[in-house]
Amino acid sequence: MNLLNPNTPLVEIFEDLFTKKQIRVFVKREDLTDQYISGNKWYKLKYNLIEAEKLGFRTLLTFGGAFSNHIHAAAAAGNKFGFKTIGVIRGEEHLPLNPTLSFAYENGMYLEYIDRTSYRKKYDQELIQKLKDKYGDFYLIPEGGSNHLAVKGCAEIISSINIKFDYICSACGTGGTLAGLILGLNKNAFALGFSVLKGGEFLNQNISSFLKYFDADDFKNWKINLDFHFGGYAKVTKELIEFCSSFSDQHNFIIEPIYTGKMFYGLFDLIKRDYFPTNSSIIAIHTGGLQGLEGLKFRKKI
Ligand SMILES: *Cc1c(COP(=O)(O)O)cnc(C)c1O
């Protein structure tokens, strides 16, 4: 397998607010990993692809919502690296396919829809067996791509950063990415996650158990902020959308309101409220996910 070898830039961004508070903010542009296998989703897939190949699997099966960045990335990765892919999608089929699923379909992904109740029990042996009967054996990647191999991949984001810094920030959906960042930091800075969903307390549990897997459960240099979910997962407000578009105009790269927009909004707000000591250097991870903008347009949310 000829893996991606992203060499994404670290760019400083400037705002009067940062000058006033004597804070420096850098953005690690992981949205530039690949045109299709974007952002943290590449790092989460990387060691899963290696493992699947090592174990001799030619088929990957994974789970996600109908607008999922992970489904999009998994389909593209399957196409690029020669795996058959099956996407188990939460909810009913709607035609025409939305932009995410039509991309997945065009990349050869088989789409299997399951109702929301069954989706909650998606890892039950009964459903897995049914899927095996239908598609043959497969390498299973969990929803959002989050498992210990994903965490291992996300830790590599840290080793590609070549400046000293005090904080690193990321949007959190399952916590797999932040767990990887914490692991990669090895106590050398503080990791701050922004929950993009309401009721994000479970993220603490998820991250702790990933860290435990790597014998890193004594790491205390991290925290999840729960204040910037804007009503819940994929919920957006006019204020958030305006923030994202003025941010994108100002800094000449795009952020979206489902993940990175909520993180940057939260980061700016915390800087305003003097959460960070003066002279802090902060790195914000641009985790990609820009394909989600098409989905928001499709749903007429923007
Ligand atoms: C999936 C995703 C996240 C969340 O990653 P987790 O590892 O699930 O916490 C953050 N940002 C973007 C753009 C994503 O697509």
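A: What follows starts with the ring pairs and then turns to other local features.

This is a predicted model, in which local features need pLDDT of at least 70, side-chain atom pairs count only at pLDDT 80 or more, and totals for chains, interfaces and linings use all residues. Residues are numbered from 1 along each chain as its sequence is written, and side-chain values use heavy atoms, with hydrogens and water left out.

A search of the whole structure finds 22 aromatic pairs. Rings of Phe, Tyr and Trp (its six-membered ring) pair if their centres lie within 6.5 Å; planes under 30 degrees apart count as stacked, over 60 as edge-to-face and the rest as tilted. One of the pairs joins Phe228 and Tyr265, and it is tilted, with 6.2 Å from centre to centre and 55° between the planes. Phe228 lies in the loop between strand 9 (222-225) and helix 10 (238-251), and Tyr265 lies in helix 11 (residues 260-272), so this pair ties together parts that are 37 residues apart in sequence. Helices (H or I, at least four residues) and strands (E, at least two) are DSSP runs, numbered from the N terminus. Phe228 counts as buried at 6% relative accessibility, and Tyr265 is buried with a relative accessible area of 17%. Buried means under 20% relative accessible area, exposed over 50%, and partly exposed in between (1.4 Å probe, protein chains only).

Phe247 and Phe264 form another tilted pair, at 4.6 Å centre to centre and 40° between the planes. Here Phe247 belongs to helix 10 and Phe264 to helix 11, so the pair ties together parts that are 17 residues apart in sequence. Both Phe247 and Phe264 are buried.

Most residues other than glycine have a negative phi, and most peptide bonds are trans. Phe230 sits in the loop between strand 9 and helix 10, and at 17% relative accessibility it counts as buried.

Asn279 is found in the loop between helix 11 and strand 10 (281-285), and at 59% relative accessibility it counts as exposed. The peptide bond from Leu95 to Pro96 is cis, with omega near 0°. Pro96 is in the loop between strand 4 (84-90) and helix 4 (99-106).

Some rings have a charge over them, which requires NZ of Lys or CZ of Arg within 6 Å of the ring centre and within 35 degrees of the ring normal. Lys41 lies over the face of Tyr259, at 5.6 Å from the ring centre, and Lys132 lies over the face of Phe138, at 5.5 Å from the ring centre.

The structure holds zero disulfides, a disulfide being a pair of cysteine sulfur atoms within 2.5 Å. For Cys154, the nearest cysteine sulfur is that of Cys172, 11 Å away. Cys154 is buried, with a relative accessible area of 0%. For Cys169, the nearest cysteine sulfur is again that of Cys172, 9.9 Å away, and Cys169 counts as buried at 0% relative accessibility.
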